[in-house]
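Please read it beside the sequence and the structure shown here.

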Amino acid sequence: MKDFDHLMSVWQGQPKPDQLSVDEVLKQVKKGIRSITTKLYWTIVAMVVIAVFAFIITFFLAFKSWVTTVGILIVLVTMLMYLSLIVRHYHILSKRDATLNPSEYLESLKAYQKNRTKVIGWFYYTYILLISAGLALYFIEVLETASLPFKLVTYGSTIIWFLFTTFYLKPRMFKNEEEKLNLMIDRLVRLKEQFD
């Protein structure tokens with residue numbers, strides 16, 4: 001009996017698991033989602049400006065070669081595909097309110113994260129490949145009269161930029177966003193378990 005009393009006192013002396021404040025968790029989740037949607041919003045604005053610029057170049061400047069126009073069109077179509085993807089992600093994140101139904105919101109966040117990881121993985125490489133092909137076709141005529149060193153610097157810096165964004169910047173950006181999503185999902189899961 002003495003061992004049982006000792007065991008009970010040790011068990012009762014254990015610290016209680018942290019109880020999450022519903023308001024605090026929902027406030028943190030909203031703040032995290034707002035951070036991601038704000039970033040997506042400004043990406044959308046920048047992509048629209050760049051797409052308009054590419055459209056103006058394509059249809060209002062006269063090029064001698066049809067290859068240049070094809071290059072710009074490839075870049076423009078690729079940017080519009082990326083823009084549609086970003087707009088879709090923006091709408092998915094901004095249309096729901098975490099305070100209305102947190103468990104439904106949690107499931108939608110999990111679905112968004114799973115879909116985003118799958119789509120972003122293959123789409124980014126397709127995007128880089130198409131943009132590179134479009135720029136290469138565009139540069140054929142634009143750099144036609146340029147000196148060899150200028151051509152090498154232009155092509156070299158473009159290649160270096162794409163390698164930098166693909167292998168250095170992209171993993172860090174997506175990892176950062178993934179961590180934010182994981183933190184929000186974890187908080188909502190803990191909150192849900194607290195009430196189950």
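The second largest pocket holds about 220 Å³ of space, where a pocket is an open set of points on a 1 Å grid over the protein atoms alone, with protein on both sides within 12 Å along at least five of seven lines, and a cavity is a set of points where a 1.4 Å probe fits but cannot get out. Grid points are joined across faces, edges and corners, and a volume is the space filled by probe spheres set on the points. The model is predicted, so local features need pLDDT of at least 70 and side-chain atom pairs count only at pLDDT 80 or more, while totals for chains, interfaces and linings use all residues. Residues are numbered from 1 along each chain as its sequence is written, and side-chain values use heavy atoms, with hydrogens and water left out.

Lining residues are those with an atom within 4 Å of a point; for the second largest pocket they include Ile 50, Phe 53, Val 75, Met 79, Leu 135 and Tyr 138. Helices H2, H3 and H4 each supply at least two residues of this lining, helices being DSSP runs (H or I, at least four residues) numbered from the N terminus.

The table sets out the lining classes, in which Ala, Val, Leu, Ile, Met, Phe, Trp, Tyr, Cys and Pro count as nonpolar, Asp, Glu, Lys and Arg as charged, and the others, Gly among them, as polar.

| Space | Volume | Lining by class |
|---|---|---|
| Largest pocket | about 730 Å³ | 20 nonpolar, four polar, four charged residues |
| Second largest pocket | about 220 Å³ | 10 nonpolar, two polar, no charged residues |
| Largest cavity | about 40 Å³ | five nonpolar, one polar, one charged residues |

Of the 28 residues that line the largest pocket, Thr 43, Tyr 82, Tyr 124, Tyr 127 and Met 173 lie nearest its centre. The largest share of this lining, nine residues, comes from H5.

The structure holds one cavity of 30 Å³ or more. Its lining is made up of Ile 92, Leu 93, Arg 96, Tyr 105, Ser 108, Leu 109 and Tyr 112, and helix H3 (66-94) and helix H4 (102-142) are the elements that give two or more residues to it.

Glu 177 is placed in helix H5 (residues 148-195). Glu 177 counts as buried because its relative accessibility is 9%, buried meaning under 20% relative accessible area (1.4 Å probe, protein chains only). Leaving aside neighbours within four places in sequence, Glu 177 is in contact (heavy atoms within 4.5 Å) with Ile 36, Lys 39, Tyr 112 and Arg 116. Among these partners, Tyr 112 also lines the largest cavity.

Technical notes: Buried means under 20% relative accessible area, exposed over 50%, partly exposed in between (1.4 Å probe, protein chains only).
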